[in-house]
Amino acid sequence: MKKQLSERDVCTKYIDPALEAAGWDKMMQIREEVTFTNGRIIVRGKKIYRGEKRRADYILYYKRNIPIAIIEAKDNNHSVGDGMQQALEYADILDIPFVYSSNGDGFLEHDRTVKKGKVENELNLDNFPSPQMLWQRYKVYKGFDTKDKEGLYLQDYHYEQGGKKPRYYQRIAINKSIEAVVKGQKRQLLVMATGTGKTLVAGQIIWRLWKAGIKKRILFLVDRHVLADQARTNDFKHFGDKMTKIKNRKIDKSYEVYLALYQSVSGVEEFKNIYKEFSPDFFDLVVIDECHRGSAAEASAWHEILNYFSSATQVGMTATPKETKDVSNIHYFGDPIYTYSLKQGIEDGFLAPYKVIRVTLDKDIAWRPLTGQIDDEGYEIPDRVYNKKDYDRNLILTKRTEAVAKRIAEFLEKTGDKFAKTIVFCENIDHAERMRQALVNQNSELVNENDKYVLRITGDNEIGKRELDNFIDPEQRYPVIATTSRLMSTGVDAQTCKLIVLDKNINSMTEFKQIIGRGSRIREEFGKYYFTIMDFRQATNLFADPNFDGFPVSVYEPKAEDEILPLENEEIKVEQKEGEEVISDSKPISQVEISEEEKEDKPRKYVVGDVKVSVVHERVQYYGKDGRLITEFLKDFTKKAIQKEYKSLDEFLQEWSQAEKKCAIIHHLRNQGILFEELAEEIGKDMDPFDLVAHIAYDQPALTRRERVNKVKKKDYFAKYGEQARAVIDALLEKYADEGIENIEDIEILKVNPFTEFGSPIEIVQMFGGRAEYDQALHEVEELIYKS
């Protein structure tokens with residue numbers, strides 16, 4: 001009898017009673033079918049959809065936000081341990097110590113706290129451990145050997161009805177930080193990708209330590225007013241009148257939680273170092289947001305502040321830990337206690353994936369002036385080879401700036417979204433202003449409608465800085481295009497930014513990650529699912545750096561005559577981060593020897609306005625799974641990808657015929673990068689994924705869906721069914737011919753025409769004798785469709 005039960009029935013009849021008998025509270029400690037990711041966003045041409053969400057069958061909590069065990073359930077046709085590997089994978093992601101698999105006969109336990117000896121044991125259904133038993137084992141493992149340590153770790157999160165609930169990775173970061181405090185660790189480093197909610201994490205860490213009475217006075221250091229203001233009105237608002245923001249260099253010691261810009265409390269002149277008005281032991285906890293921006297540098301103002309408050313626990317938070325010969329976050333804070341990477345955020349569906357368009361201009365490869373050539377200001381240009389490393393620093397090619405602006409305008413026009421928020425990163429403020437002018441000229445009609453369509457937002461421009469809030473506000477249409485140099489590279493929460501343009505040389509991985517982070521938010525309600533990076537300086541070669549942890553959806557390098565947008569059938573899912581090395585022999589102008597005579601009359605930059613600049617001939621390139629940059633056509637890629645999954649036609653046919661639902665195989669192949677819609681456009685719009693696979697990978701003749709339906713209808717396969725049931729089957733066949741197999745496998749199809757003419761879904765199912773009989777009939781239909 002048990003063998004006949006579904007997985008859900010096994011949970012209800014066997015696992016649930018076993019857990020409750022062991023003392024687990026069904027309302028407070030047991031959560032079933034827990035979805036903990038959003039499903040990776042997959043971009044296929046113009047189509048966007050989410051991949052499969054990760055879901056645990058059971059998560060058991062000692063108390064809210066303290067998960068302690070995970071259970072993977074299987075039906076009774078599986079062995080008791082069949083779910084263990086999946087459960088261990090989830091436990092590793094979710095940082096859960098005790099792992100179980102069950103088929104209703106008992107449990108297989110895997111104890112991740114055991115480092116030596118037996119880690120797996122089979123348990124009877126009535127021997128599942130109680131919450132206290134597991135907590136006692138966990139306490140020993142973590143070293144919570146006193147009531148004070150245990151009480152601190154169990155301190156409640158801040159919770160309010162309808163408020164934000166921590167995502168799984170935020171919960172891990174918060175708990176690991178509290179655990180580090182319990183163990184007496186004075187310095188901590190949390191590494192979390194831009195857009196993953198570091199401020200929420202900081203707020204919960206501070207709240208729990210403050211409420212526990214362990215940390216009574218707290219300093220939250222940031223480097224932008226907007227970061228402090230966002231924290232105060234959102235993730236820190238529950239501190240109420242116990243919190244203040246230090247302004248105008250005035251100190252009030254009556255508060256308990258202080259928000260401050262490091263620039264507001266320190267300075268070169270001693271009188272500006274107002275943080276010294278606090279005693280060195282005034283703060284128990286200092287949290288440093290965006291700590292990559294210098295807090296670890298020995299000579300920086302932030303380091304001086306941290307050194308002054310050295311008795312306090314210090315928590316550094318960053319998306320990009322800085323590791324150079326002069327600056328080291330890890331040297332100061334120690335190894336990260338937790339890392340949530342850009343790659344993981346994209347994979348989980350919490351961060352937006354991105355496409356890359358690389359544009360190479362002819363003069364970026366090399367340009368050499370004519371002998372004695374004079375620039376626009378009357379200066380002779382030193383005779384040497386110049387390339388993209390020189391432009392807009394030492395040499396300005398006016399038409400190069402115009403060519404970049406034209407390409408940006410073309411892209412926005414081709415996408416059909418001229419109001420897509422765009423950030424153009426330039427070499428410096430002067431370059432940002434020239435780029436603004438060029439973009440204004442390329443978009444004159446839109447600028448005439450509103451002069452804020454294009455704005456320069458740089459540190460020296462008050463009008464631009466005033467408009468920054470409007471740029472990042474999803475509800476505000478203007479400004480649309482912002483040119484900048486460094487101001488917007490970090491700390492700017494541009495949630496709806498859809499296009500990032502790189503026209504600056506970027507050699508710092510920290511800066512590169514921060515810039516990419518400007519587009520990483522997802523805002524589905526505003527149509528923001530992914531973003532595009534348009535690269536004019538080969539900055540995206542940093543994808544190849546082992547320190548980069550995210551990967552692009554696709555990389556497109558247009559030829560001179562190509563559209564700025566890639567063709568839909570040229571988009572291939574990228575699995576790995578790889579790139580190409582660019583080698584240049586030319587020296588930057590600062591290294592060129594100049595005579596004394598030249599030095600006397602040398603301008604800061606040479607300006608050349610009459611050199612024509614154009615896009616050079618390039619190829620479309622993709623990152624292959626073997627780590628090399630490759631060039632290939634869609635059909636070639638598809639054939640290799642499918643044959644990697646299924647070594648032979650027989651293996652594919654067997655998998656297809658045995659699949660309970662064909663859409664599961666289709667979905668799996670999509671996740672491997674197979675673009676069925678684009679293949680159908682290229683080979684035959686009316687072909688089934690089955691035929692596309694068999695034809696492309698195994699050279700089989702392909703039939704259209706209509707041809708398959710006609711073959712089924714020629715023979716009277718369904719005489720055993722009643723007249724109404726046969727009419728439903730005929731309608732299913734027609735739906736398949738028009739729309740494909742995925743739609744008819746979804747029971748929701750019975751809610752649309754022409755099925756509504758037969759009755760409600762329940763009534764239609766009853767025409768076959770019930771749901772099981774309907775499913776069996778559908779299975780027969782599918783068998784006959786693919787019989788040929």
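How many salt bridges does the structure hold? The count comes to 51, where a salt bridge is a side-chain nitrogen of Lys or Arg within 4 Å of a carboxyl oxygen of Asp or Glu. Before we go on, keep in mind that this is a predicted model, in which local features need pLDDT of at least 70, side-chain atom pairs count only at pLDDT 80 or more, and totals for chains, interfaces and linings use all residues. Residues are numbered from 1 along each chain as its sequence is written, and side-chain values use heavy atoms, with hydrogens and water left out.

Let's begin with a sheet. Six strands make up an open sheet with mixed pairing, in the order 1-4-5-6-7-8. Strands here are DSSP runs of E with at least two residues, helices are runs of H or I with at least four, and both are numbered from the N terminus; two strands pair if DSSP finds at least two bridges between them. At the edges sit strand 1 (30-35) and strand 8 (120-124), each pairing on one side only. From one strand to the next, the twist averages 30°, with axes being lines fitted to C-alpha atoms (for helices over the stretch in contact) and angles running from 0 to 180 degrees between N-to-C directions. Inside the sheet, strand 4 (residues 55-63) runs antiparallel to strand 5 (residues 66-73), and five bridges join them. In that pairing, I59 stands opposite I70 in strand 5.

E109 pairs with R137, their closest N and O atoms being 3.2 Å apart. Because E109 is in strand 7 (residues 106-111) and R137 in helix 3 (residues 131-142), the contact ties together parts 28 residues apart in sequence. E109 counts as buried at 6% relative accessibility, while R137 counts as partly exposed at 27%. For these words, buried means under 20% relative accessible area, exposed over 50%, and partly exposed in between, using a 1.4 Å probe and protein chains only.

E734 and R706 form another salt bridge, with 3.0 Å between the closest N and O atoms. Here helix 25 (residues 723-739) supplies E734 and helix 24 (residues 705-713) supplies R706, so parts 28 residues apart in sequence are tied together. E734 is partly exposed at 25% relative accessibility, and R706 is partly exposed at 31%. Salt bridges with shared partners also build a network, whose members include D364, D392, R393, R400, E427, D430, R434, D503, R537 and K605.

A search of the whole structure turns up three cavities of 30 Å³ or more. On a 1 Å grid over the protein atoms alone, a cavity is a set of points where a 1.4 Å probe fits but cannot get out, and lining residues have an atom within 4 Å of a point. The second largest cavity has a volume of about 70 Å³, a volume being the space filled by probe spheres set on the points, which are joined across faces, edges and corners. Its lining consists of I66, P67, D95, Y138, Y153, R171 and N175. Strand 5 and helix 5 (168-182) are the elements that give two or more residues to that lining.

Key:
1 Å grid on protein atoms, 1.4 Å probe; cavity = no way out; pocket = protein on both sides within 12 Å on 5 of 7 lines; lining within 4 Å.
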